[in-house]
Amino acid sequence: MISVSNVSMRYGSKVLFEEVTTAFHPGRRYGLTGPNGAGKSTFMKLLTGEIAPQRGAVTRPPKMGVLKQDHYAFDQVRVIDTVIMGNQRLWDALQERDVLYAKPDLTDADGMRLGDLEGVVGEEDGYTAESDAAILLQGLDIPEEMHDRPMAEIQSGQKVRVLLAQALFGHPQALLLDEPTNHLDLESIHWLREFLVRYDGTLIVISHDRHFLNSVCTHIADIDYHTIITYTGGYDDMVMAKTQIRSQVEGQNAQREKKIAQLNDFIARFSAGTRSSQVQSRRKEVERLQTTELARSNIQRPFIRFTMNRPSGRTALEFSNIAKSYSDQHVVTDFSAIVNRGDKIVIVGRNGVGKTTLLKALMSDAPDRPAAPADLDSGTMRWGHEASIGYFPQDHAGQIEKGMTAVEWLHQFDPQASRQDIHGLLGQMLFSGEEGLKPTHALSGGETARLLFCRIMLLKPNVLILDEPTNHLDLESINALNIALQKFEGTVLLVTHDQDLMEEVGTRVWHFDQGAIKDHKGRYEEYAAALA
């Protein structure tokens, strides 16, 4: 079990937690939720022991698996060894044992120490360590030929999976995972979900994937009101319970305020008269009924709404036999399709198969965008009448010019818009008040994503091309995006690993499968059911 007692953390005037006492029990799987900036990662670091609480105490089990966030810390280590290092006691014993066996002559003390070390290796399943680590890696789509390579030679997305395998290795009593689904494709997410559902220790996971939280978690520990409140069930259950509790308290307060107003009216009318005892009685009742002030929730919900200046033609895009290769690797081969106005296409497949390459090929000669002939090798393409593109790239680097404020950067895309309109749009995306004057170089990942959505809403295109738009967004922002895309009357091409977005937004699926792209005209759920 992991427990915290009277833990407080604050940075300057900002309070994250105040006198928090809670416990995380074995056999339960907790989702740690709260908006960006609420303190989720800080609380996770308290639990792992990476930082100490300013006040209070944390109790933790001796063996914990923790998903490391430093992707470069193990660059000189073999992939398979990086995983085994997740069991530090075993790894230390193996290293010391190898040093002793390498000695030309062993003393009696060395022999006794080797006996102790072999005992540790046996207790920690060290004799099957490499095969156990290999099974984890293969489940996370790290092929066997990579297991002996140094970490520096594999891609960043693969490093995340290796570090995830490290956290899972060695049967830890508790697992603490901060955004484990980042950089995982849908098949790897499904594998992880099944693994965690079978895990019998204490699981605490931070995730912005609502579907993942709903399918994995038995409880939600929600950071709000400067404390942590634990709810039974998945994320949707928590939202419903939290809303009901909040509404109930607000309703009770409204009744109290109404009663207080009636009593104060009586006091004002008769305080100077002969009914002083009744007035005094009512004053005491007012004191008793005084409304308990509700702690302010830190949840902020953006308002996303995609509108169009004008609709596109009936056919938004038509292309034939498009192809794109890199040296001898064929990524997109002879793919043809007609995209009708209003289609909402989700593009799915394993990481690295070419989803982003496909989007760039389609935009190589798109209206209102700079031509990029290098992104398409061959094929013909025709965008529909009045088609206009709103693009959200997976890689935000270089998308927002430095040396400006958020207001100035956004205003340049529509100089005719009033400053009031620009500030209003920024306010919708949580850049309220002086937040709009924030320098662009100081924007966080989530702020950058929200500002890019502001640009799309300002330009009002009729075709949205979104490449992993939920990266860096918190759950409230992802839910707002989901609703906005469902209501959008234009055309959407969407690359995402968020299963709720796939199922609730998509009306059509393009699936990269064994070198080909399958075009399913129907919802993702129907397509997934047909594959099962």
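## Cysteines

Cys-217 is buried, its relative accessible area being 7%, and Cys-454 likewise counts as buried, at 0% relative accessibility. In this structure, which is a predicted model, the count of disulfides comes to zero, where a disulfide would require a pair of cysteine sulfur atoms within 2.5 Å. Such a link is a covalent bond between the sulfur atoms of two cysteines.

## Helix α15

Helix α15 runs over residues 475-487 and has 13 residues, and from its first C-alpha to its last it reaches 19 Å, which is close to the 18 Å expected at 1.5 Å a residue. Because 10 of the 13 residues of α15 are buried, this helix is largely enclosed by the rest of the structure. The buried residues are Leu-475, Glu-476, Ser-477, Ile-478, Asn-479, Ala-480, Leu-481, Asn-482, Ala-484 and Leu-485.

One of them, Asn-479, lies in helix α15 and counts as buried because its relative accessibility is 18%, with the limit for buried set at under 20%. When neighbours within four places in sequence are left aside, Asn-479 is in contact with Arg-210 and Tyr-235.

## Helices α6 and α7

Helix α6, made of residues 156-168, and helix α7, made of residues 186-198, have axes that come within 13 Å and cross at roughly 5°. The crossing angle therefore makes α6 roughly parallel to α7, since angles under 35 degrees are counted in that way.

On the α6 side, the contact is made by Arg-161, Leu-164 and Leu-168, while α7 contributes Ser-188, Trp-191, Leu-192, Phe-195 and Leu-196. By type, the residues of this contact between α6 and α7 divide into six nonpolar, one polar and one charged. As for spacing along a helix, an α-helix has 3.6 residues a turn, so residues three or four places apart point the same way.

## Residues with positive phi

Most residues other than glycine have a negative phi. Against that background, two residues can be described. Glu-19 is not a glycine, yet has a positive phi of about 55°; it is found in strand β2, which covers residues 14-24, and at 38% relative accessibility Glu-19 counts as partly exposed.

Asp-368, which is not a glycine either, has a positive phi of about 65°. Asp-368 is found in the loop between α11 (355-362) and β13 (378-383), and with a relative accessible area of 67% Asp-368 is exposed, the limit for that class being over 50%.

Terms used: Residues numbered from 1 in each chain as written. Predicted model: local features only at pLDDT ≥ 70, side-chain atom pairs only at ≥ 80, totals over all residues. Heavy atoms only, no water. Axes fitted to C-alpha atoms, helices over the stretch in contact; angles between N-to-C directions. Helix = DSSP H or I, 4+ residues; strand = E, 2+ residues; numbered from the N terminus. Parallel < 35°, antiparallel > 145°, perpendicular 65-115°, else oblique. Contact = heavy atoms within 4.5 Å. Nonpolar A, V, L, I, M, F, W, Y, C, P; charged D, E, K, R; others polar. Expected span 1.5 Å × (residues − 1). Buried < 20%, exposed > 50% of the residue type's maximum accessible area, 1.4 Å probe, protein only.
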